[in-house]
Amino acid sequence: MSTIPRLVIAAPASGSGKTTVATGLMAAFTEAGLTVSAHKVGPDYIDPGYHALATGRPGRNLDAYLCGPGQVAPLFLHGSAGADLAVVEGVMGLYDGASGLGELASTAQVAKLLRAPVVLVVDASAQSRSVAALVHGFASWDPEVRLAGVILNKVGSDRHEELLRGALDEAGVPVLGALRRAPQVQTPSRHLGLVPVAERQAAAVGSVRAQAAQIREGCDLKALLALAHSAPELPGTAWDPALAVARSATRGAADTEPVAGRPVVAVAGGAAFTFSYAEHAELLAAAGAEVAVFDPLRDERLPVGTQALVIGGGFPEMYAAELSANEPLRRAVVDLAASGAPVVAECAGLLYLSRTLDGKPMCGVLPADARMSERLTLGYREAVALDDNALAVAGTRVRGHEFHRTVLEPGAGTSPAWGMTHPVRRVEGHVQDGVHASYLHVHWAAEPSLARRLAAGAAVRPPLEAHRG
């Protein structure tokens, strides 16, 4: 059982300001001396970067679709270990979940799984007394969701605030904060959401500080902390990456042990490749690998001793010229892939391994070309591995997420990475030798065998230097 104080920050709809409020709360409580654990509902990679900046701890995702409802509380308990307070930022509107699947993956479902009180962030800029009807509807829709208070955002004046508070007082819902419009707390956006922290580090620090100051001035932090402490005990056991890897073993008792030799798995990072779940590195380490992060924008060599490579998601289209100009690293990636070493790429990594991106040369590992598109591809997916490959054995079923404005031609190779089974049947991605490259983002906590297989594949490869010698 855990008694970690916790709050879920939700909203009636996207664009209400919950990211600003949640990040500001995380920063304000951290500045007050609390150890704050940050969590994000859904598959979003960008908001957790701001959460990490606010708290000094990894921002973590809680996704009931990708990992299953049964994993939400264990992953929360793992991520919040040692914290004084946990703040969970919701996704979209409070009751919005995976399309056509009811409450699955919604903020409301996660709040219920965590037995956490919900604070609703309401954009009050174009309403006054009607706010009470809105909040009453959200509070009464699902009696299992404890909507315990409201933070009013974009309040226009003292008189406006007075009207809003009066209406909510009639409705019996506590107002825990009222925030004026403040341009300095806004975070710039582009085609896939907020601009990641890694691309605007100094400016992001300033934004988070401004958000914390706004929260201190406009919110009742004492009441919010008391509300967090009112959360009941949360039953269950924290997720353990070592135990998860051991339980994923499929080839006998001896396979429950980590692989020998601490094989080096290089993981792309930096401004171009910011999309990664914290649990992936933890699973690789638990499987026996040494995780070595490098920046393809700056580093001309792969980490010393590299035996496998992971290139996650991000925004390579914003840095295509710089990535292309780093020819020594592109050659090193080609050499590693040609050696048969495991190379696993998701979305941005898929583009980096292609021949070209918007006409600029990339690594050329895959016989495919990528370009930006006007069309946003977005949504949850179900898929199955069609053949044994560096990441999965044939028949492995996963749930994933696609999120991109690019097109790869051809989208699938002779040996596809996945057979998509939902919502549309199709094949996608490329498998060749040790390379597994796909648009699909998968949360390895739902299928720890992926990390185990990658680490095992790395362990039998000679280090990078041997390939060059």
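# Salt bridges, sheet and core in a predicted model

User: In this predicted model, what makes the contact between Glu 89 and Lys 40 a salt bridge?

Analyst: The closest N and O atoms of Glu 89 and Lys 40 are 3.1 Å apart. A salt bridge requires a side-chain nitrogen of Lys or Arg within 4 Å of a carboxyl oxygen of Asp or Glu, so the pair qualifies. Glu 89 belongs to strand β4 (residues 85-89) and Lys 40 to strand β2 (residues 36-41), and the pair links distant parts of the chain, 49 residues apart. Both Glu 89 and Lys 40 are buried.

User: Why is the pair of Lys 112 and Asp 142 said to tie together parts of the chain?

Analyst: The closest N and O atoms of Lys 112 and Asp 142 are 2.7 Å apart, and the two residues form a salt bridge. Lys 112 lies in helix α4 (residues 107-114), whereas Asp 142 lies in the loop between α5 (130-141) and β6 (147-155); the pair therefore ties together parts that are 30 residues apart in sequence.

User: Why does Asp 142 count as buried?

Analyst: Its relative accessibility is 11%.

User: What makes β3 and β7 the edge strands?

Analyst: The open sheet has seven strands in the order β3-β2-β4-β1-β5-β6-β7, with parallel pairing. Strands β3 (60-62) and β7 (175-180) each pair on one side only.

User: How do you know that β2 and β4 pair?

Analyst: Pairing requires at least two bridges; β2 and β4 share five, in the parallel sense, and therefore count as paired. Within this sheet, neighbouring strands are turned by 25° against each other on average, direction ignored.

User: Which residues touch the most other members of the largest nonpolar core?

Analyst: They are Leu 114, Leu 152, Leu 224 and Trp 444, in a core of 117 residues. Helix α1 (residues 18-31) gives the largest share of this core, seven residues. A second, separate core of 38 residues includes Ala 266, Ala 332, Tyr 352 and Tyr 439.

Notes:
Residues numbered from 1 in each chain as written. Predicted model: local features only at pLDDT ≥ 70, side-chain atom pairs only at ≥ 80, totals over all residues. Heavy atoms only, no water. Core = buried A, V, L, I, M, F, W, Y, C linked by side-chain atoms within 4.5 Å. Buried < 20%, exposed > 50% of the residue type's maximum accessible area, 1.4 Å probe, protein only. Helix = DSSP H or I, 4+ residues; strand = E, 2+ residues; numbered from the N terminus. Axes fitted to C-alpha atoms, helices over the stretch in contact; angles between N-to-C directions.
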